[in-house]
Amino acid sequence: MQDSLLRFKNITSYFMKKLQIAFLFLSFLCFNSCGFYSFTGADIGSAESFYVNYFQNNAPIVEPGIDRTFTFTLSDLIQNQTSLNLATNAANADLIYEGEIVDYYIAPQTATSDNVAAQNRITIVILCRFTNKTIADGSADFEKRFSFYVDIEGTAQPVGAVLNGAIEEIYERITQDIFQESLANW
């Protein structure tokens, strides 16, 4: 009985050592591959910092606060999905985002039999200029319009939580589109 227990301990010890070696090998592969692949698809190249300049609201209809909200939303997205540092000004940044909100409007989409809007569409259009100072020939730079919309019920007033939810959804999509255009290498 003692002999079989001793053999069992030796076999268990042997397999534990082999398991530890296999675990170390797999860990090495995982950590080594993190430098070549990003789950967000971001390709920051040699860039170390970014700056998001304040996006002015130049739309014909001015909704207070949407310019500040967009600027922070874009900055937060880039910070959360890359290892880039936020620069304090454009002169110290490798990547620069700037632009303006060029359009913001609410328009009826469908009507009821009583000639009342059954749905309203909130649309925001943003002009974004992106500069990548790490690429000397400017091939990664762009100036492009990004837009998205959200439909809300015609009976819902586009104020308060309804408006904030719609703007949040629009900004989520537009900031992802800007991120994909500037940093994704799909």
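This is a predicted model: local features need pLDDT of at least 70, side-chain atom pairs count only at pLDDT 80 or more; totals for chains, interfaces and linings use all residues.

Trainee: Then how many bridges join S1 to strand S3?

Mentor: Two bridges join them, and the strands run parallel. Strand S3 covers residues 85-86. Within S3, Asn-85 is the bridge partner of Ser-49.

Trainee: And in which sense do S1 and S4 pair?

Mentor: S1 and S4 pair in the parallel sense, over three bridges. Here Phe-50 has Leu-95 in S4 as its bridge partner.

Trainee: Are the residues of S1 such as Ser-49 and Phe-50 buried or exposed?

Mentor: Ser-49 and Tyr-51 point one way from S1, while Phe-50 and Val-52 point the other way, and all are buried.

Trainee: Let us change topic. Which residues touch the most other members of the largest nonpolar core?

Mentor: Tyr-97 and Tyr-171 do, in a core of 34 residues. Among the elements that give two or more residues to this core are strand S1 (49-52), strand S4 (95-111) and helix H3 (160-183). The largest share, nine residues, comes from H3.

Trainee: What is Tyr-171 in contact with, leaving aside its neighbours within four places in sequence?

Mentor: Its contacts are Ile-66, Thr-69, Phe-70, Thr-73, Ile-101, Ile-124 and Ile-126.

Trainee: Finally, how many helices and strands are there in the protein?

Mentor: There are three helices and six strands, in the pattern α-β-β-α-β-β-β-β-α along the sequence. Of the 186 residues, 32% count as buried.

Key. Residues are numbered from 1 along each chain as its sequence is written. Side-chain values use heavy atoms; hydrogens and water are left out. A nonpolar core is a set of buried Ala, Val, Leu, Ile, Met, Phe, Trp, Tyr and Cys residues joined through side-chain atoms within 4.5 Å. Buried means under 20% relative accessible area, exposed over 50%, partly exposed in between (1.4 Å probe, protein chains only). Helices (H or I, at least four residues) and strands (E, at least two) are DSSP runs, numbered from the N terminus. Contact means heavy atoms within 4.5 Å. Two strands pair if DSSP finds at least two bridges between them.
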